[in-house]
Structure formats: C-alpha cells, structure tokens
Amino acid sequence: MLGRMRAATRWRRLVEARLAQVEQLSAGRGAMGTEYWNARGRARRYVAAVGETAERDPLFTRMRRVTRRSSTVIDVGAGTGRFTLALASRVGSVVAVDPSRAMLGVLRRAARQRGIGTIRCVEARWEDVAGTLEPADVVVCSYVLPLVAEAEPFLAGMHQACRGRAFVAMNAMSADALVDPFWRHFHGGPRRPAPTYLDAAEILSDLGVEPEVEVVELRSLVGYPDLRAAARHYREVLALPDTAEVRAELRSLLDPWLVEERGTLRPPITTTPMAVISWVGGAAGRP
Ligand SMILES: C[S@@+](CC[C@H](N)C(=O)[O-])C[C@H]1O[C@@H](n2cnc3c(N)ncnc32)[C@H](O)[C@@H]1O
C-alpha cells in the first residue's frame, strides 16, 4: 500500500509549482515575497480595493464574538490593517505582523490619523517572529496562507501563540476559476492549482488540532476605476508581458466581460465563497 502524502508536503508542492509556473512565464515575478507587496503603488491599490470592508466581513463578526474590551489580538499578515484597525477600538491591543514596509506604512498612517495608540506593528515574516511574541487571546490570519509554502510551521506558530481562538480565512473558490478561460487563451494550458482550505484543515489535523471549518459567501471586493486599471491587474494575474499588443488584446477580452456598477468595473460575480477555519489555541490555559 502506498503511504499517504502528508498534507503539509502536498501544500508545499502546490505552492512551489504555482510560483515556478509564474517564474517561468515572467522571470523575477515567481516569488510573491516582500518585494511584491512593496512594489510601487501596490499597497495604495490594495487599500483602495478592500477599503473599510472589515465591519461587514463574516470573519470580523466571528472575531467580535470571541473578543472583549481587554482582549489581545495578533493579526498575522495584517497588510494595510483592514482587521487590525477595525478591531483596535474594540479590544485591548493588536499586534500587526507583516514583512511589507509599504503595507504596514498604510496601516501606521491610518492608525496615526485616527489617534489609535493600541496597535504595535512588527515588520517581519510570521514564521520568523511567531515564537518571540507574547501569546494573544485571538490570532487571526486573513488571505495570507496560500502565499506561504511552509504552511505547517506557519500554522503551528499561530497555534502556539494563541490563548483563545485562532482564525484562518482564505478563498474557498480559487480566484483562478474566474480567469481560467483567459489563462488558457494566453498560455494554451491550465494554471497550476493552488492548495485549498481543505488542505489547510488537514495540516491542522496533522498538528493535533481540531479545526472548525465554515464556508461563507463574501461580497466580492474586486473593482477597477476603468478598463486600463482592470487590464493592468489582469496582466499581472495572468503573468503576461507589458506590451502594447497584450494590453490591447486584454482590453478587448475584458471589455465585454466586466460589469459596470456605480462607476466601477467588476468581474461578473457579486460574491465569492470564503473559508473560515478556527480552532482553540495551544496556549489556552497558560498565563
Ligand atoms: C492579500 S494581503 C492580506 C492582508 C490582510 N490580512 C487582509 O485581509 O486585508 C497578504 C499580506 O500577507 C503578507 N505576508 C506574505 N507572506 C507573509 C508571511 N510569511 N508572514 C506574514 N505576512 C505575510 C503580505 O506582506 C501582505 O501584506
């Protein structure tokens, strides 16, 4: 009988094969590391797209249920601080961990402007600092995990840093599903698949954790001010070269596909499924 491949190994292979595919098509673009998030204008575009959506987010509702005024929170891969900022006024303190200076820069500015003094930013990869931080009541990680090849130590770090409830949120439908016809049109074959929330849940089981998994519908956050901005985004998603020919072809494909709503262009879906995986942290009961 063949041995079962560990979920963590499967996860790593899937993430690496996906990054290698992009690297092959567009040298230097394969690693979606810190440079990717620090690239000029990206943090600004990200915050413009996600805006103040945390309050309406099902993940936020679930975090609110388990937090009090005195709670401490760690936001793993906090980015521009969508959840950090929304939580900070409701809990005791939030530690926002993210390796991207540009993404944290947006968060820091917003915290200053709102006079919030209970946020501490840690500019680092989670796996490099997880063991050094004081455990928190709630540890949350939203839309980060599929970017990480070594998911097992990443999740183990979350588990050990959490006294109460830990949450991982990720897409439950690969965003690739939406652009699959375009990927095949330009590259003549399929995109390498990403790991899923079921793989993440299995890694947690292998760590001895019993995860609770919910799939909820989330209002799509994606929107573009005009066709040019949309083409720029999809050129990147599809790992295409920046040539006049590609830009023109993309615009001609996107124009009939995108839907206009209140001055914004968006893909022809209004919601996407999101998985919320949660579990009781391993630091529970520890002071
Ligand atoms: C899609 S954004 C999500 C931001 C935020 N959590 C949200 O839901 O709006 C992904 C973020 O993960 C961060 N990130 C990527 N790898 C990371 C790692 N190993 N440790 C911590 N953060 C990481 C990136 O810098 C980026 O800011």
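Helices (H or I, at least four residues) and strands (E, at least two) are DSSP runs, numbered from the N terminus. What you have open is a predicted model, so keep its cut-offs in mind: local features need pLDDT of at least 70, side-chain atom pairs count only at pLDDT 80 or more, and totals for chains, interfaces and linings use all residues. Residues are numbered from 1 along each chain as its sequence is written.

**Stop one: the whole protein.** Colour by secondary structure and you'll find 12 helices and nine strands. Along its principal axes, the C-alpha trace spans about 60 × 60 × 30 Å. Of the 287 residues, 33% count as buried (20 or more other C-beta atoms, placed from the backbone, lie within 10 Å of the residue's own).

**Stop two: helix H4.** Select residues 58–65; which of them are buried? They are Leu59, Phe60, Arg62 and Met63. Now show what covers them: helix H5 (82–88) and strands E4 (136–142), E5 (162–171) and E9 (271–280) are included.

**Stop three: H8 and H10.** Select 151–160 and 197–206: the two helix axes come within 10 Å and cross at roughly 65° (axes are lines fitted to C-alpha atoms over the stretch in contact, and angles run from 0 to 180 degrees between N-to-C directions). Show Ala151, Glu152 and Leu155 of H8 with Ala200, Ile203 and Leu204 of H10, which make the contact (C-beta atoms, placed from the backbone, within 7 Å).

How values were computed: Contact = placed C-beta atoms within 7 Å. Buried ≥ 20, exposed ≤ 12 C-beta atoms within 10 Å, placed from the backbone.
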